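Let's walk through this model together, one question at a time. Please keep the sequence and the 3D view open while you read.

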Amino acid sequence: MVYLDYAATTPLDPEVREAMRQVEGVYGNPSSIHRFGQEARRVLEGARERVAALLGVRPREVVFTASGSEADALALLGVALARGKGHVVSTEVEHSALLGTLRLLERLGFAVTRLRPDRHGLVYPEQVREALRPDTLLVSVMTANNELGTLYPVREMAEVAHAHGALFHTDAVQAIGQVPFRLDEVGADLVSLSAHKFYGPKGVGALIVRQGVELFPLVPGKQEGGRRGGTQSPVLAHGLAVALEKALRLLPEEAPRLLALRRRLEEGLLAVDGVELNGHPTRRLPKLVNVTVKGADGEALLLAMDLLGVAVSSGSACSAGSLEPSHVLLAIGRTPLEARASLRFSLGRFTTEEEVDRALEAFREAVRRARA
């Protein structure tokens, strides 16, 4: 099999696995005062310090969570419930976890504005500025779209939000480890990330919470500075830190390599009659290509790719198995039929030129079968 679904998840890097193995014997509760607990606390806080240094924040601003989805929910609900009422600005193309949180906020009585993207999936700072209201308390826009790869001008959006007196959150799950990202440069107040998107373990993520931001805990408890209750896993936190460190260290050489592979893949895909690109032509993650195959049966297309030995997806992994077309593709103007006949190819650290060429061969055959 050729694996081209790195946007859904990445394999655990062997170095990260070994680093986790070295601390797997640390089983104490980090909140306990005896030597087992203190050893666990040392590993946990060591991971927190490494993550903080890599992202340009203070250690106490790093809150470990179980996933990027939890980090998104904690950011939006945590800020909103701490304020009690108000208005939130976001977009129509956010990850399903964040969109679900927005719906929950509306049920709790908060007002929500969702910005519509252009045909490339882009949302602009001017749209944020126009959507602001006197009671706007938070703006949340993702750094990179998980289906299109489109990159958003989050630094400029953060400036717009701050000028208005609102906080700014960004879901950077797909961006961190893929493009340069430091909070002291982006200027966000809250940032979500997830280890399994940059070759770390599943089951651990983080929410960066700038000092001074009041957050209502969704899970009460004294852990994580009172912002997220529940016993932490030092092993998973250590794995996240090691994976992040390696991803950022390799970024200067890995990004251009992936960009070259993406161009090779994209040229081959678009050479097939009736295939069109989704997302911005250039302002996009180096690893991701999303295309619509006109006149094809979407389910047949995806099944044919799998039978031909290539793993790709039809959109967000969190929507897998759903008969509903991608909300992201609908938002950029695709019809339901076109959205279902779309594929997301995402490259990664272990992708080779030979695998890209094999994927193109399979794609051409899959399109032939899906149009038959």
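Q: Do strands β3 (residues 87-91) and β5 run parallel or antiparallel?
A: This is a predicted model, in which local features need pLDDT of at least 70, side-chain atom pairs count only at pLDDT 80 or more, and totals for chains, interfaces and linings use all residues. Strands here are DSSP runs of E with at least two residues, helices are runs of H or I with at least four, and both are numbered from the N terminus. Two strands pair if DSSP finds at least two bridges between them. β3 is joined to β5 by three bridges, and the two strands run parallel.

Q: Which residue of strand β6 stands opposite serine 140?
A: β5 also pairs with β6 (residues 167-171), in the parallel sense and over three bridges. In that pairing, the β6 residue opposite serine 140 is histidine 169.

Q: How many of the five residues of strand β5 (residues 136-140) are buried?
A: Buried means under 20% relative accessible area, exposed means over 50%, and partly exposed lies in between (1.4 Å probe, protein chains only). β5 is largely enclosed by the rest of the structure, because its buried residues number five of the five.

Q: Which residues have the most contacts inside the largest nonpolar core?
A: A nonpolar core is a set of buried Ala, Val, Leu, Ile, Met, Phe, Trp, Tyr and Cys residues joined through side-chain atoms within 4.5 Å. A second, separate core of 28 residues includes Val312 and Phe363. The largest core has 62 residues, and those with the most contacts inside it are Phe168, Ile176 and Phe198.

Q: Which residues does phenylalanine 168 touch, not counting residues up to four places away in sequence?
A: Contact means heavy atoms within 4.5 Å. With that sequence neighbourhood left out, phenylalanine 168 touches Leu138, Val139, Val141, Val154, Met157, Ala158, Ala161, His162, Ala188, Asp189 and Leu190.

Q: Which residue of β12 stands opposite leucine 288?
A: Strand β10 (residues 288-293) has six of its six residues buried, so it is largely enclosed by the rest of the structure. Four bridges tie β10 to β9 (residues 275-278) in an antiparallel arrangement, with leucine 277 opposite valine 291. β10 also pairs with β12 in the antiparallel sense, over five bridges. There, leucine 288 faces serine 346.

Q: Against which helix do the buried residues of α1 pack?
A: In α1 (residues 14-23), the buried residues are Val16, Ala19, Met20 and Val23. They share one side of the helix because they cover an arc of only 95° around the axis, taken from the directions from the axis to the C-beta atoms. Pro14 and Gln22, on the other side, are exposed. The buried residues of α1 pack against α8 (234-270).

Q: How many residues apart in sequence are the parts tied together by arginine 349 and aspartate 13?
A: A salt bridge is a side-chain nitrogen of Lys or Arg within 4 Å of a carboxyl oxygen of Asp or Glu, and arginine 349 and aspartate 13 meet in one (2.8 Å, N to O). Both of these residues are buried. Since arginine 349 lies in the loop between β12 (342-346) and α12 (353-370) and aspartate 13 in the loop between β1 (2-3) and α1, the parts tied together are apart in sequence by 336 residues.

Q: Is arginine 262 buried or exposed?
A: Arginine 262 forms a salt bridge with glutamate 266, the closest N and O atoms being 3.8 Å apart. Both lie in α8, four residues apart, about one turn of the helix. Glutamate 266 counts as buried at 13% relative accessibility. With a relative accessible area of 5%, arginine 262 is buried.

Conventions. Residues are numbered from 1 along each chain as its sequence is written. Side-chain values use heavy atoms; hydrogens and water are left out.
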